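Subject: Structure handover

Hello,

Here is the structure I said I would pass on. My notes on it follow below.

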Amino acid sequence: MSDSSFRGLVRSMAIIASAQALRIIITVARAKIVALLLGPAGIGLLSLLTNLREIAGMAAGLGMSGSGVRELAGAKDSPEGQSRVRRVLLGALFTQGAIAMLVIWFLREQLAVWILDDAKHATDVGLVGVGVLLFLLATSQTTLFQGLRRIGDLGKVTVWSTLIGTAGGLLAVIMADQAGLVWLILLPPVFSILFGFVYIRRLPKPVPVQMSLRDIWRVWLPMTRLGVVFMVGSFAMFGTLLLVRSKITQDMSLEDAGYFAAAWSVGTVYIGFLLQAMGADYFPRLTEIVREREKAVQLMNDQLQLALALGGPLILSLIGCAPWLISLLYSSEFGEAVTILQWQMFGNVLKLATWSLGFVFIAAGQPRVSLTTTLIFNAIFLLLVWYGLSEFGLKVTGIAFVIAQTVDFFVVTLLARKLHRFKWQKLTLVLFCLHAALAGGLLVFAPEFPLIGGILSLVLGFATGFVGVHIVLEKIGSHGRLVTKVATIYRKLGWPVD
C-alpha cells in the first residue's frame with residue numbers, strides 16, 4: 001500500500017538522519033583531535049565555553065526556533081502571513097542575540113571568574129557572546145528551512161557548516177593552542193549563515209509587507225509564548241539533571257556521578273539522534289493538518305509506526321550490547337553505567353511513543369499542556385532519585401526513568417485522546433506491545449547472562465528490524481532504486497512487498 005504521507009516522513013527522516021550522523025562523527029573527531037592537541041585541560045575549557053553558549057543561546061532565543069517552525073507551517077497557505085513571520089523571526093533573533101552578546105561581553109570578567117575561576121579567559125568568554133548572536137542568526141535560517149519543509153536544504157546546511165566550521169576551528173587550535181578554541185564555537189554558525197544565505201536565495205521571495213510596531217508585536221508575542229514552553233522545558237531537564245548529579249555526588253561519589261553521566265549521555269545521544277531525524281518534517285507537517293482530526297490522527301499513527309519500526313530494533317540491540325558499548329565508548333571501569341543504560345533503553349520504548357504523540361499539543365498551540373507533561377516527567381524522575389538513591393543505589397536512576405516515562409506515556413496518551421481524538425491503529429499497537437515486551441524480557445535476561453543476552457539482543461534487533469523495514473516498504477511503495485533493491489531481497493526470501 002502506497003502512502004504519500006508516510007513516504008514523506010521516511011524520506012525526510014533519511015535526509016536528516018544522514019546529516020545528523022555525519023555531524024556526530026565530526027563532533028567526535030573534533031573532541032579526539034582537541035584531546036590529542038591540548039589534553040584534558042583543552043577539552044574542559046571547550047566544554048565550558050560550549051555550555052555557556054548553549055545556555056545563553058537557549059535563554060536569548062526564547063524557544064523561537066520551535067515556535068517559529070509552527071508559525072511558518074501554520075501560515076502555509078498565506079504568503080503574506082509567512083512573510084510577516086519571516087521578518088519578525090529574523091529581526092527578533094538578531095535583536096535578542098545582540099542583547100545577549102552585549103551582556104556577556106560586559107560581564108566577561110565576572111563570568112570568566114565564576115565559570116573558569118580565572119579572569120585570564122575573559123576575552124574568550126566575551127567572544128562566546130558573539131557566538132550566541134551568530135548561533136541565533138543561523139537558527140533563524142534553519143528554522144525557516146524546517147518550517148517551509150525544505151528538509152534537503154536543512155540537511156546540506158547542517159553538514160557543510162559543521163564540516164568546514166570545525167575544520168577551520170581545528171586549524172585555529174593548531175596555530176594558537178587554547179586561544180584558538182573559541183573559533184570552534186564561532187566558525188560553525190558563521191558558515192551556517194553563509195550556506196543558509198545561498199539556499200534561502202533559492203526560495204520564493206517573500207511578499208512585501210508593511211509592519212508597524214504593533215504588527216510586529218502581534219506576531220512576536222504568540223511565538224514567544226509558545227517558544228517559552230520549549231525553553232522552560234529544556235531548562236527543567238537541565239535543572240533536573242544538575243540536581244540529580246549533585247545528589248549522586250553528595251550521597252555517593254564523583255565517580256558514581258560519572259557513571260550516571262556516561263549512561264545518560266549514551267542513551268540520549270542515540271535516541272535523540274533518531275528523534276531529531278524524525279521530527280524535522282513531522283512537526284511542520286502535523287502543524288499544517290492538526291485541525292483536520294482524521295488526517296492528524298493518521299499522521300500520528302504513521303509517525304508512531306515509523307518510530308517503532310526503525311527505533312525499536314535499535315533499542316533492543318542496545319539493551320543486550322550495553323556492556324560492550326560502554327566499554328568501547330568509555331572503558332571497562334564504567335561497568336556501573338551498564339545497568340542504568342539498560343533500564344534507560346527500556347524506558348526509551350515508551351519515549352518513542354510519547355514523543356510522537358506529544359508533538360500534537362505544540363502543533364495545536366497548546367503550550368500549557370505540553371509544558372505540564374514535561375514538568376510531570378521531570379518531577380517524578382527527580383523525586384524518585386532523590387528519595388530512592390540511599391535505598392536502591394545508583395540503579396534507581398534507571399528505574400526512576402522508566403517509571404517517570406511510564407506515567408508520562410499514559411498522561412500524554414489520555415490527553416491526546418481527549419483533546420485530539422487520537423486512536424491507536426492495530427499495527428501501531430502491535431508494534432508498541434511487541435517492542436515493549438521484548439525490551440522488558442531482555443532487561444530481565446541480559447544482566448544475568450551478559451554474553452547470551454548480548455547475542456540474543458542482536459538477533460532480536462535484526463529480526464524486528466527486518467520486519468520493520470518490510471512494514472515501511474509496504475507503506476511507502478516502490479519508489480527509488482534503493483527501495484527497489486531492498487524489496488528485491490524480500491521477494492527472493494519469499495516475503496514479497498505488496
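Is Cys433 buried, partly exposed or exposed? Cys433 counts as partly exposed, because its relative accessibility is 43%; buried means under 20% relative accessible area, exposed over 50%, and partly exposed in between, with a 1.4 Å probe and protein chains only. Cys321 has a relative accessibility of 11% and therefore counts as buried. A disulfide is a covalent bond between the sulfur atoms of two cysteines. The rule used here asks for a pair of cysteine sulfur atoms within 2.5 Å, and by this rule the count is zero disulfides.

Some background before the rest. This is a predicted model, in which local features need pLDDT of at least 70 and side-chain atom pairs count only at pLDDT 80 or more, while totals for chains, interfaces and linings use all residues. Residues are numbered from 1 along each chain as its sequence is written, and side-chain values use heavy atoms, with hydrogens and water left out.

Helices (H or I, at least four residues) and strands (E, at least two) are DSSP runs, numbered from the N terminus. Two packed helices are described by the angle between their axes and the distance between the axes. The axes are lines fitted to C-alpha atoms, for helices over the stretch in contact, and the angles run from 0 to 180 degrees between N-to-C directions.

Helix α5 covers residues 122–147 and helix α6 covers residues 151–176; they pack at an angle of about 150°, with their axes 7 Å apart. α5 and α6 are therefore roughly antiparallel to each other (under 35 degrees counts as roughly parallel, over 145 as roughly antiparallel, 65 to 115 as roughly perpendicular and the rest as oblique). Their crossing is left-handed, that is, the near helix is turned anticlockwise from the far one by less than a right angle, whereas clockwise would be right-handed. On the α5 side the contact (heavy atoms within 4.5 Å) is made by Thr142, Phe145 and Gln146, and on the α6 side by Asp153, Leu154 and Val157. Sorted by class, the contact of α5 with α6 has three nonpolar, two polar and one charged residues. For these classes, Ala, Val, Leu, Ile, Met, Phe, Trp, Tyr, Cys and Pro count as nonpolar, Asp, Glu, Lys and Arg as charged, and the others, Gly among them, as polar.

α5 also packs with helix α7 (residues 183–200), where the axes come within 8 Å and cross at roughly 30°. α5 and α7 are therefore roughly parallel to each other, and α5 passes α7 in a left-handed crossing. Residues in this contact include Leu127, Leu134, Phe135 and Phe145 of α5 and Ile185, Pro189, Ile193 and Phe197 of α7. By class, the contact of α5 with α7 has 17 nonpolar, five polar and no charged residues.

Helix α2 (residues 64–74) packs with α5 at an angle of about 35°, with the axes 8 Å apart. This crossing of α2 and α5 is right-handed. Met64, Ser65, Gly68, Val69, Leu72 and Ala73 of α2 meet Thr139, Thr143, Leu144, Gln146 and Gly147 of α5. The contact of α2 with α5 divides into five nonpolar, six polar and no charged residues.

Single residues

Ser140 is in helix α5. Ser140 counts as buried because its relative accessibility is 7%. Not counting residues up to four places away in sequence, Ser140 touches Leu89, Leu90 and Leu93.

Leu325 is in helix α10, which covers residues 293–329. Leu325 is buried, with a relative accessible area of 13%. Leaving aside neighbours within four places in sequence, Leu325 is in contact with Val266, Tyr270 and Leu318. The C-alpha atoms of Leu325 and Pro367 are separated by 37 Å, and the two residues are 42 apart along the chain.

Ser327 is also found in helix α10. Ser327 is partly exposed, with a relative accessible area of 34%. Its C-alpha atom is separated by 24 Å from that of Leu46, a residue 281 places away along the chain.

Backbone angles

Most residues other than glycine have a negative phi. Leu62 has a positive phi, near 55°, and lies in the loop between α1 (4–61) and α2. Phi of Arg421 is near 55°, again a positive value in a residue other than glycine. Arg421 lies in the loop between α13 (396–420) and α14 (426–445), and at 58% relative accessibility Arg421 counts as exposed.

Regards
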